[in-house]
Amino acid sequence: MSLRVDEEKQIFNFLRQQRCCLRCCFRFIGWRSVDCYQDPVKFAESAGYIAEDGSVEKDCSPCTACLGVLQNETQEQIVERIRDEVEKENYDCETFTCALTIPVCINLRERFLHMRCASQLELSRDTLVTLKVKLQSVKDIWKWMVTSKIEKSIKKKFDSTTPSPFLIEIILIYRYNEKDCEAFLNVCKVTNGVGNKRKRKCNDNRFSRKSMDALMTKVTDNEFSECFASSSFETVENVKVDNIIYSHSSIFIGGRYNKLSRELSQTPWFINGEKKMQTSVQDILCNPIAEAVKAESIKFSSSGREDVDVRNIYAGRPFAVELINPRISKITEKSLSDLVVEINRSSRQVQITSSLKVLSKLDLKKLKEGENVKTKFYRALCVCRDTSRDAVSLEELNSTKRLKIVQKTPIRVLHRRPLSPRERVIYEMRARWTRPDELKTLSIADGDTSVFFVLDVKTQAGTYIKEFVHGDFGRTKPSLCDILKADVDIIALDVTGINLNWP
């Protein structure tokens with residue numbers, strides 16, 4: 001499908017009479033040459049669309065079709081603002097990509113101009129269909145023109161194929177957008193009554209692009225033309241830059257850590273808005289990393305979590321931190337090594353036990369999947385109240401393999417987790433009586449008849465070890481109390497191993 005040369009010029013001149021900019025005149029008749037958009041006056045003169053007598057007015061009045069999106073003044077404002085703000089934020093990414101949001105009413109104006117062309121120039125139905133098909137997108141033309149200017153301004157390369165992790169989102173608004181859309185909604189009410197119901201159902205969203213596009217498909221060309229026959233889209237000013245958002249895709253860094261304190265929460269602990277502990281594992285690990293890459297915010301995740309009073313020792317717990325909108329993306333092995341040293345020097349409560357690594361999506365998937373399939377190792381200091389060693393047989397524990405237990409949600413976490421029984425497996429246990437030197441630090445009162453033992457457990461992920469020891473008022477079956485037929489409690493607990501090949 002194509003237009004004859006005389007038809008193109010006729011439509012071109014008519015659009016100029018409707019106060020469309022030269023670029024919009026070219027995009028309406030389907031021109032795809034970059035040259036005609038880079039210097040539309042020169043191209044229009046050389047192609048014979050306008051006279052070569054210098055009589056073309058300066059491209060400064062608001063364009064009826066694009067509302068200034070494709071006009072030089074708006075472009076210059078955008079490029080200048082991007083240059084200043086990117087320089088200020090100091091993103092180190094060498095490439096960028098763009099996203100442009102334009103007012104919804106531009107689509108309405110394009111259809112209005114198509115209908116006005118068809119009626120005023122008496123175009124055939126086939127010619128109108130061809131004209132609609134050949135229309136070039138405002139956004140596409142804008143990218144052809146502006147991205148090269150942004151490249152030169154911020155000294156970064158535009159990348160539309162990968163795409164670049166650094167995104168610049170330009171949001172343009174038009175003061176009278178709602179007025180234009182309201183006029184169209186009135187068309188819908190008159191023709192098929194779809195406006196009122198939609199307004200009542202979702203008033204705040206009735207001018208959204210999705211809503212307006214859906215309504216556009218319901219109104220025929222004839223209905224549209226009839227309702228706008230005596231109307232015109234007044235254009236008194238250009239679009240304005242509402243906001244320009246700069247964002248870099250998240251970077252993930254991970255490793256393993258040990259928690260050596262029994263008075264430290266994993267994440268910041270707030271009750272009624274008040275922070276209950278000065279710091280946390282998350283603060284100690286993530287704040288230096290976030291500062292190093294100048295991230296806007298972070299999300300911390302780990303392969304399970306330990307209670308405030310539980311240590312994590314030996315190989316360490318796998319963790320990952322998502323660094324949201326980082327300014328620095330060029331991360332070297334040396335910078336990661338320096339971070340390990342800095343974090344380990346800053347705290348005796350938490351220590352990184354592995355090298356830090358920039359993580360891939362596969363790494364993150366392994367961390368997530370490991371929460372359900374991994375095995376874990378614990379060491380617990382346990383006590384049998386008011387009994388003697390002769391009355392308790394630890395050998396029964398040592399000979400137990402693959403013990404299946406059922407645990408109802410513990411009372412201590414019932415306020416934040418659903419009530420449901422879970423079946424877990426204790427793969428094996430090793431128990432021994434404590435040595436005299438180990439008891440010196442426990443401050444045991446004279447005459448205490450309790451006996452203490454150390455229990456090493458290999459278990460399925462998700463097992464509540466404290467409840468397995470003391471039974472949680474019968475909510476865990478069987479527990480050590482059931483197996484040893486004694487009143488057993490737990491004094492201290494350590495995580496000694498997490499069987500996950502990561503990172």
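This is a short exchange about how terms are applied to a predicted model.

Mentor: The model is predicted, so local features need pLDDT of at least 70, side-chain atom pairs count only at pLDDT 80 or more, and totals for chains, interfaces and linings use all residues. Residues are numbered from 1 along each chain as its sequence is written, and side-chain values use heavy atoms, with hydrogens and water left out.

Trainee: Why is the pair of Phe 184 and Phe 224 called tilted?

Mentor: Rings of Phe, Tyr and Trp (its six-membered ring) pair if their centres lie within 6.5 Å; planes under 30 degrees apart are stacked, over 60 edge-to-face, and the rest tilted. The centres of Phe 184 and Phe 224 are 6.0 Å apart and their planes stand at 45°, so this pair is tilted. The whole structure holds 15 aromatic pairs.

Trainee: What makes Phe 184 count as buried?

Mentor: Buried means under 20% relative accessible area, exposed over 50%, and partly exposed in between (1.4 Å probe, protein chains only). Phe 184 has 0% relative accessibility, so Phe 184 counts as buried. Phe 224 is also at 0% and buried.

Trainee: Which residues is Leu 339 in contact with, leaving aside its neighbours within four places in sequence?

Mentor: Contact means heavy atoms within 4.5 Å. With those neighbours set aside, Leu 339 touches Pro 288, Ile 289, Ala 292 and Leu 356.
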